[in-house]
Amino acid sequence: MRKLRKNGRDSQGFGNSIFMQPNETTRILVVEDDPIVRRIVVSYLRANGIETIESGDAAGASAHFSAIPFDLVLVDVSLPDGSGFDLVDRMRRRRDCAFIYMTGLGSPEQRVRGLENGDDYLVKPIEVRELLARIRAVLRRYRRAAPEPAAVAPIVELSGWTLDF
């Protein structure tokens with residue numbers, strides 16, 4: 001769990017706005033084949049109170065995604081065993097989740113494909129503070145768009161009459 005300062009902000013000056021409840025942890029799957037980049041991203045996210053699971057390939061990411069619910073998946077487009085685009089397509093069919101691409105592929109066609117298929121697209125090299133801000137923005141939008149649970153209307157029975165509100 002991330003420690004907050006007295007003013008409710010973390011060490012980078014961000015508040016806890018991405019969390020649904022103050023004690024609820026955000027869980028992110030980081031899919032990146034470069035171990036150095038993966039370690040930097042995972043370390044930074046964990047230092048900011050985000051639970052992370054990491055994978056260096058599509059097969060490992062699929063296994064984690066099947067077993068664990070995630071709030072967001074951060075995925076590289078170029079993986080050693082497949083395309084990040086294809087991985088996200090498969091994941092979207094299994095579960096609703098937010099997706100951000102983080103990749104060295106920055107042509108306009110690739111960016112458009114990523115934004116049409118995912119929720120955001122970052123071109124490497126990335127700045128980890130920007131990455132964290134984008135994660136928070138995507139999660140705010142994603143959680144706002146989630147349908148609210150339907151309210152159960154009260155039913156009152158009195159003297160043979162039933163009132164259904």
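Modeller: In this predicted model, axes are lines fitted to C-alpha atoms, for helices over the stretch in contact, and angles run from 0 to 180 degrees between N-to-C directions.

Biologist: Why are helix 3 and helix 4 called roughly parallel to each other?

Modeller: Helix 3, residues 84-94, packs against helix 4, residues 108-117, at an angle of about 10°, and their axes are 11 Å apart. Angles under 35 degrees count as roughly parallel, and helix 3 and helix 4 are therefore described in that way.

Biologist: What makes up the contact of helix 3 with helix 4?

Modeller: With contact taken as heavy atoms within 4.5 Å, helix 3 contributes Phe85, Asp86, Val88, Asp89 and Arg92, which meet Gln110, Arg113, Gly114 and Asn117 of helix 4. Sorted by class, the contact has two nonpolar, three polar and four charged residues.

Biologist: How do you know that strand 1 and strand 2 pair?

Modeller: Pairing requires at least two bridges between two strands, and strand 1, residues 27-31, is joined to strand 2 over five bridges in the parallel sense. For Val31, the bridge partner in strand 2 is Ser55.

Biologist: Why do strand 2 and strand 7 stand at the edges?

Modeller: The five strands form an open sheet in the order 2-1-3-6-7, with parallel pairing. Strand 2 (51-55) and strand 7 (120-123) each have a single partner strand, so one side of each is left without a neighbour in the sheet. On average, neighbouring strands of this sheet are turned by 20° against each other, direction ignored.

Biologist: Which strands does helix 1 lie across?

Modeller: Helix 1, residues 35-47, lies across strand 1, strand 2, strand 3 (72-75) and strand 6 (98-103), and runs at about 170° to strand 2.

Methods. Residues numbered from 1 in each chain as written. Predicted model: local features only at pLDDT ≥ 70, side-chain atom pairs only at ≥ 80, totals over all residues. Heavy atoms only, no water. Helix = DSSP H or I, 4+ residues; strand = E, 2+ residues; numbered from the N terminus. Parallel < 35°, antiparallel > 145°, perpendicular 65-115°, else oblique. Nonpolar A, V, L, I, M, F, W, Y, C, P; charged D, E, K, R; others polar.
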